[in-house]
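Q: Could we go through this structure together? I have the sequence and the model open.

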Amino acid sequence: MEEIITLLIPAMLAVILIRLLLIPMKLIFKIGLHSACGFLCLWLLNAISMFTGIYFPINAVTVLTAGFLGLPGIGVMALLAVL
């Protein structure tokens, strides 16, 4: 019985440690995915900028804005570019 307990305690600690490390990794993956989608949207919009006349600079702020806010964020950036 003591052998089972001595094996169970490190296993439980390993599971807890893995769970604690996965939470930040999920957040980092989510931020990376949203940023990639924001970059793709801005790149596509810049590709058709000759028709719209609005050019979005691709930097960290614009990519994160487009990634997290989506189309409303791009609309706000377009409104700010016009004004």
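Q: Where does Ile5 lie?
A: Ile5 lies in helix α1. Helices here are DSSP runs of H or I with at least four residues, strands are E runs of at least two, and both are numbered from the N terminus.

Q: Before I go on, what sort of model is this?
A: It is a predicted model, in which local features need pLDDT of at least 70, side-chain atom pairs count only at pLDDT 80 or more, and totals for chains, interfaces and linings use all residues. Residues are numbered from 1 along each chain as its sequence is written, and side-chain values use heavy atoms, with hydrogens and water left out.

Q: Is Ile5 buried, partly exposed or exposed?
A: Ile5 counts as partly exposed because its relative accessibility is 45%. Buried means under 20% relative accessible area, exposed means over 50%, and partly exposed is in between (1.4 Å probe, protein chains only).

Q: Which patch is Ile5 part of?
A: Ile5 forms a nonpolar surface patch with Ile9, Leu13, Ile16, Leu20 and Ile23, and together they have about 600 Å² of accessible area. Such patches take residues with over 30% relative accessible area and no salt bridge, joining nonpolar side chains (Val, Leu, Ile, Met, Phe, Trp, Tyr) within 5 Å and like charges within 9 Å. A salt bridge is a side-chain nitrogen of Lys or Arg within 4 Å of a carboxyl oxygen of Asp or Glu. The areas come from the Shrake-Rupley method with a 1.4 Å probe, and for residues only the protein chains shown count as cover.

Q: Now the cysteines: how many disulfides are there?
A: The count is zero, where a disulfide is a pair of cysteine sulfur atoms within 2.5 Å.

Q: What does Asn46 touch beyond its sequence neighbours?
A: Leaving aside neighbours within four places in sequence, Asn46 is in contact (heavy atoms within 4.5 Å) with Tyr55, Phe56 and Ile58.

Q: How many helices and strands does the chain have?
A: The protein chain has four helices and zero strands. Its radius of gyration, taken over C-alpha atoms, is 22 Å, well over the 12 Å that the globule rule (2.2 Å times the number of residues to the power 0.38) gives for 83 residues, so the chain is more spread out than a compact globule.
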